[in-house]
Amino acid sequence: MDIDDLLAEVAVDSTPQESRDLQELTRAWVAERTAPEILNWPEELMERVLERIRRQIELVEDQTGNMDPKTNFKLIVIQTELERFKFLVRSFLRARLKKIDEHPLHIRAQHTASLDTMQSLLSPSELQYLTSHQALLSQHYSTSFLSQFPASLQRLDDTTGGISMVDKPDEDKAVFVRALRDIGTVFIEGTDRRLEVKRGDVWVVRWSAVRKWAVGSGTGDVELI
Amino acid sequence: MALPLPPGLTPPEIAFLCEMELVTVIPRQRLEGLELLGGPLKPLNPPQRSNIPLWLALLLKRQRRANILPPPWLNTHSLTAILDHETEHADTFSPPPRLPSQPSDNTLPISPPFLPTSTADAAPDALPYHWLELGEMLLEAAADDFEEPDQVRKLLRGLREVRMAKLRSGVEVLDAAGGIKMNGVGGMEVGEGRSFITGVVDGLRKIGASREQQRKDRDAEEAENGYSGTAGDYDDDEMDMQ
């Protein structure tokens, strides 16, 4: 470690929390948009970001009506940035909603399993959406046709006979990733392929092979791009 | 409410990401410091240079409140050198900018678009991740800040064609296992190639799925019987055959 490294470390540490949150949120958004599975809900990050957005909106409301051209331009800058942030948050949430809509039963099971760990998969509102949407759907199915089936055929999450009715995303889907740290050798199950992944490398690789290092589902040593 | 878009970033979303890149501006008007959501913005004092995000630089430029200093790699001299490198090495993209030294474990590692690869003191000899988007946006909004905008535009076009040809010829190495290294690829290029490349890899994997499953079962069985008890001992297979 030479003096440059030491300086760089100090510089990184002095990055304000706001900037780091923007970097984290951006990374989480890209990951959610490109990963085949839903990723862990970044609870603390979202709390901080939403709180800041709320305060910024209040500030904008306070200052609107101020006709001083100087303040006016400042407000334009603030509002432009606010809109960019709102877009990030909205697109992030909508990408998650899409996955919840696609694989509700699978995600509910995953979420229940994640309750034992420190990181829960869904936010409280997402869970509520999933549960009530699913309740409405199954009630609708059962009143419109399921109730006329024999009792043994009425289930929506049947797993007997070797075929599961619960759809799940393709975990082996290829994704583009960039390594943020050296992670060593990656094995691709079922093949002879072994990859030596170093910091800064960009790879096209199966999601299942890198999931445990990825941002949002693992150590965060690898980001999706 | 759910997002109606397929997985992967769309071109406007990639441009949105690119707008977070830092660029250097020379302000023509004062602007007080601001507390923005993404961190504080330092006061702008003409004619002092300042590094600000591209979206803000474009906003200031459109209102003639600042001039943008094109990054050192975005001029005819650097681009010609990079284009030569791209043409000489037919198999790989030109190397990406050198990464800053490795941050310690407890800090968040920085990656594009937050690396300062397009400020006035960036490396002049490498294309950053958002090179194409950034170049296009600067040429569109701030052409008068370039010395030879038309030359630069022409070189960018040349680079794009050479690199797209590589992306297309790279299709031949795609196989079911995936694991393709694409160092130096750009953001827009990932966006353009994503659906085709991942489509081919996924398709090939599905075709070979049963063979892979057999192998997985065999590996699991061997691990259970203790044949390949020490993982990483690749000579096992050969020894079994003797």
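A:Trp203 stands opposite B:Lys181, a residue of strand 6 of chain B. Strand 4 of chain A and strand 6 (residues 180-181) of chain B run antiparallel and are joined by 2 bridges. Two strands count as paired if DSSP finds at least two bridges between them. Helices (H or I, at least four residues) and strands (E, at least two) are DSSP runs, numbered from the N terminus.

This is a predicted model, in which local features need pLDDT of at least 70, side-chain atom pairs count only at pLDDT 80 or more, and totals for chains, interfaces and linings use all residues. Residues are numbered from 1 along each chain as its sequence is written, while chains are lettered from A and ligands numbered from 1 in the order in which they are written.

**The contact between the chains**

Chain A puts 58 residues into the contact, and chain B puts in 48 residues. Contact here means that the C-beta atoms of two residues, placed from the backbone, lie within 7 Å. On the side of chain A that touches chain B, the elements giving two or more residues are helix 1 (3-13), helix 2, helix 3 (43-63), helix 4, strand 1 (174-179) and strand 4 (202-206) of chain A. Helix 4 of chain A gives the most to this side, with 14 residues. By type, the residues of the side of chain A that touches chain B are 23 nonpolar, 10 polar and 25 charged. Ala, Val, Leu, Ile, Met, Phe, Trp, Tyr, Cys and Pro count as nonpolar; Asp, Glu, Lys and Arg count as charged; the others, Gly among them, count as polar.

A:Lys98 lies in helix 4 (residues 69-102) of chain A. Setting aside neighbours within four places in sequence, A:Lys98 is in contact with B:Ala2 and B:Leu3. A:Lys98 is partly exposed, with 19 other C-beta atoms within 10 Å. The cut-offs are these: a residue is buried if 20 or more other C-beta atoms lie within 10 Å of its own, exposed if 12 or fewer, and partly exposed in between, with C-beta atoms placed from the backbone.

Helix 2 (residues 17-34) of chain A has 18 residues, and its end C-alpha atoms are 26 Å apart, in agreement with the 26 Å it should span at 1.5 Å a residue. The expected span is 1.5 Å times one less than the number of residues in the helix. Helix 2 of chain A is mostly covered, with 13 of its 18 residues buried.

Helix 3 (residues 76-88) of chain B has 13 residues and reaches 18 Å from its first C-alpha to its last, close to the 18 Å expected at 1.5 Å a residue. Its buried residues are B:Leu79, B:Ile82 and B:Glu86. Seen down the axis of helix 3 of chain B, these buried residues fall within an arc of 65°, so they line one face of the helix. The arc is that of the directions from the helix axis to the C-beta atoms. An α-helix has 3.6 residues a turn, so residues three or four places apart point the same way. The buried residues of helix 3 of chain B pack against helix 5 (149-169) of chain B. The face turned away from the buried side of helix 3 of chain B carries the exposed residues B:His77, B:Asp84, B:Thr87 and B:Glu88.

**Strand 1 of chain B**

Strand 1 (residues 22-27) of chain B is mostly covered, with 5 of its 6 residues buried. Strand 1 of chain B pairs with strand 4 (residues 50-53) of chain B in the antiparallel sense over 4 bridges. There, B:Val25 stands opposite B:Ser50. Strand 1 of chain B also pairs with strand 5 (residues 66-69) of chain B in the antiparallel sense, over 4 bridges. B:Pro27 has B:Ala66 in strand 5 of chain B as its bridge partner.

| Chain | Elements | C-alpha span along principal axes | Buried |
|---|---|---|---|
| A | 7 helices, 5 strands | about 70 × 55 × 30 Å | 28% of 225 residues |
| B | 8 helices, 6 strands | about 80 × 40 × 40 Å | 34% of 242 residues |

Along the sequence, chain A follows the pattern α-α-α-α-α-α-β-β-β-β-α-β.

The elements of chain B run α-β-β-β-β-α-β-α-α-α-β-α-α-α from the N terminus on. The radius of gyration of chain B is 24 Å, well over the 18 Å that the rule gives for 242 residues, so chain B is more spread out than a compact globule.

Conventions: The radius of gyration is taken over C-alpha atoms; the globule rule is 2.2 Å times the number of residues to the power 0.38.
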